[in-house]
Amino acid sequence: METGSPDDTGAADTTDAAHPARTEPERNDPAQNEPARTEPARTEPVWTGLPPGLLRMRRLLLVVWLGLLTVAAALLPGLFLAPLWAALALPPLALLVWGWVMLERNWRSWRYAERADDLLISRGVLWREETVVPYGRMQLVEVTSGPVERHFGLASVQLHTAAAATDATIPGLDPAEAERLRDRLTELGEARSAGL
């Protein structure tokens, strides 16, 4: 039994060198001895996240609404009742800080992947939800963009299928990417439904 570091020169090293028959047997490399397996190659989907513009838009809306509420909760009771009542601004302020962090976690959880036969949409922080939308089931793919989304240069893709339960939305995409995705999904949906 060999102890110590490899630099040690002890009896174990000289014994093995003096008796070549007592050396360790060669270790078999399992990769070299096993025959090549012909398993089908599993390709993981290539996930695409949402652009950071969506996070900026949501955080701005959070600051506008909760910021106004915080200021109102601090000023109005503080001016009309007593300065101690300005502490009512603490809950909206705490909610603002908590929402700031949670919006990023939610934004990071959204992603989508285009596969050969379907589109995957994954989202959720505490409860993960993954929606699989087969191309052949798509009936309508539309791109929407409200006034706030347009201001931030964003658009959403809404997927409508035969079953309302599998309708899905991908929010906050770049308009060019949203249009590309709409055109590709429409093309694949027509090809799959024509083959049925």
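Which residues form a nonpolar patch on the surface? In this predicted model, with residues numbered from 1 along each chain as its sequence is written, local features need pLDDT of at least 70, side-chain atom pairs count only at pLDDT 80 or more, and totals for chains, interfaces and linings use all residues. Side-chain values use heavy atoms, with hydrogens and water left out.

The patch consists of L60, L61, V64, W65, L68 and V148, which together have about 570 Å² of accessible area (Shrake-Rupley method, 1.4 Å probe, only the protein chains shown counting as cover for residues). Patch residues have over 30% relative accessible area and no salt bridge, with nonpolar side chains (Val, Leu, Ile, Met, Phe, Trp, Tyr) joined within 5 Å and like charges within 9 Å; a salt bridge is a side-chain nitrogen of Lys or Arg within 4 Å of a carboxyl oxygen of Asp or Glu. Helix 3 (residues 52-80) gives the most to the patch, five residues. L68 is found in helix 3 and counts as exposed because its relative accessibility is 55% (exposed: over 50%). Helices (H or I, at least four residues) and strands (E, at least two) are DSSP runs, numbered from the N terminus.

Strand 3 (residues 118-123) and strand 4 (residues 129-134) pair in the antiparallel sense over six bridges (pairing requires at least two DSSP bridges). L120 stands opposite V132 in strand 4. Five residues lie between the strands of this hairpin, where G124 takes a positive phi near 115°.

The chain has a mean pLDDT of 78, with 71% of its residues at 70 or more (pLDDT: the predictor's confidence in each residue, from 0 to 100). Among its elements, the mean is lowest in helix 1 (residues 11-18), at 45, and highest in strand 2 (residues 111-114), at 94.

Notes. Buried means under 20% relative accessible area, exposed over 50%, partly exposed in between (1.4 Å probe, protein chains only).
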